[in-house]
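Please look at the sequence and the structure below, and then follow the report through its charged pairs, its pockets and its surface.

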Amino acid sequence: MANDFYSLASDMIDELVEVVPVAATYFGVAGHDHRWNDFSTAGSERERRMQEDHLQRIRRLPPSDDRRELLARRVIEASIEDDLMLFETNEHLRDLNSMASAFQDLREVFDQMGRVTRADWRNVADRMQGLPLALHAYGSRLEDGRREGLLAAQRQVHEVARQA
């Protein structure tokens, strides 16, 4: 039965990097370094639906007696549950802080990208070219949150502005 789990986990990574290409860069999954996440509210909703689907699929797997698989299942479930709680509380609409928010992804992903080959540099250039749209989508999501009264702490806003 472990085969079912590991096959599903592999499929889930493939699906995740399609929706969250920045994660592909962090994970070292090739083929997505030229793309951005859809940082808009609609993009967040797509990510939420994917996470819900992943959680249901993990939970539908047959029982296992493999310790490592059981641990991996618990870790994946807990991670997805944490992500879904952020969606349920609309935290994604005020995802702005000085340490770990979409803003940091917009900057830090470039540090994780290859810069050795021509193809690497083409990916950097393509992603850089898409940065204004990614920033606009992210800003629109924060604006959606502002309209709903969901604001990041003023201290966080000032620190992110300083980092920019």
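Glu91 has a relative accessible area of 28%, and it therefore counts as partly exposed, a class that lies between buried (under 20% relative accessible area) and exposed (over 50%), judged with a 1.4 Å probe and protein chains only. The model is a predicted one, in which local features need pLDDT of at least 70 and side-chain atom pairs count only at pLDDT 80 or more, while totals for chains, interfaces and linings use all residues. Residues are numbered from 1 along each chain as its sequence is written, and side-chain values use heavy atoms, with hydrogens and water left out.

The side chain of Glu91 meets that of Arg94 in a salt bridge, at 3.1 Å from N to O, where a salt bridge is a side-chain nitrogen of Lys or Arg within 4 Å of a carboxyl oxygen of Asp or Glu. Arg94, with a relative accessible area of 26%, is partly exposed. The structure holds 15 salt bridges, and the table sets out three of them.

| Salt bridge | N to O distance |
|---|---|
| Glu91 and Arg94 | 3.1 Å |
| Arg57 and Asp53 | 2.8 Å |
| Asp126 and Arg122 | 2.7 Å |

Arg57 and Asp53 are four residues apart in helix H3, so about one helical turn separates them; helices here are DSSP runs (H or I, at least four residues), numbered from the N terminus. Arg57 counts as buried because its relative accessibility is 17%, whereas Asp53, at 31%, is partly exposed. Asp126 and Arg122 are likewise four residues apart, about one turn of the helix, but they lie in helix H6. Asp126 has a relative accessible area of 25% and is therefore partly exposed. Salt bridges also link Glu45, Arg48, Arg49 and Glu52 in a network.

Which residues lie nearest the centre of the largest pocket? They are Val20, Glu47, Gln51, Asp83 and Asp105, among the 40 residues that line this pocket. On a 1 Å grid over the protein atoms alone, a pocket is an open set of points where a 1.4 Å probe fits, with protein on both sides within 12 Å along at least five of seven lines, and lining residues have an atom within 4 Å of a point. Two or more lining residues come from each of helix H1 (2-19), H2, helix H3 (41-60), helix H4 (67-88) and helix H5 (102-112), and H4 gives the most, with seven residues. The space in the largest pocket is about 1000 Å³, a volume being the space filled by probe spheres set on the grid points, which are joined across faces, edges and corners. Its lining divides into 21 nonpolar, ten polar and nine charged residues.

The second largest pocket has a volume of about 160 Å³. Its lining includes Arg94 and Glu143, and helix H6 (residues 118-147) provides the largest share, four residues. Seven residues of this lining are nonpolar, one is polar and three are charged.

Phe27 belongs to helix H2 (residues 21-27), and it counts as partly exposed because its relative accessibility is 48%.

Note on methods:
Nonpolar A, V, L, I, M, F, W, Y, C, P; charged D, E, K, R; others polar.
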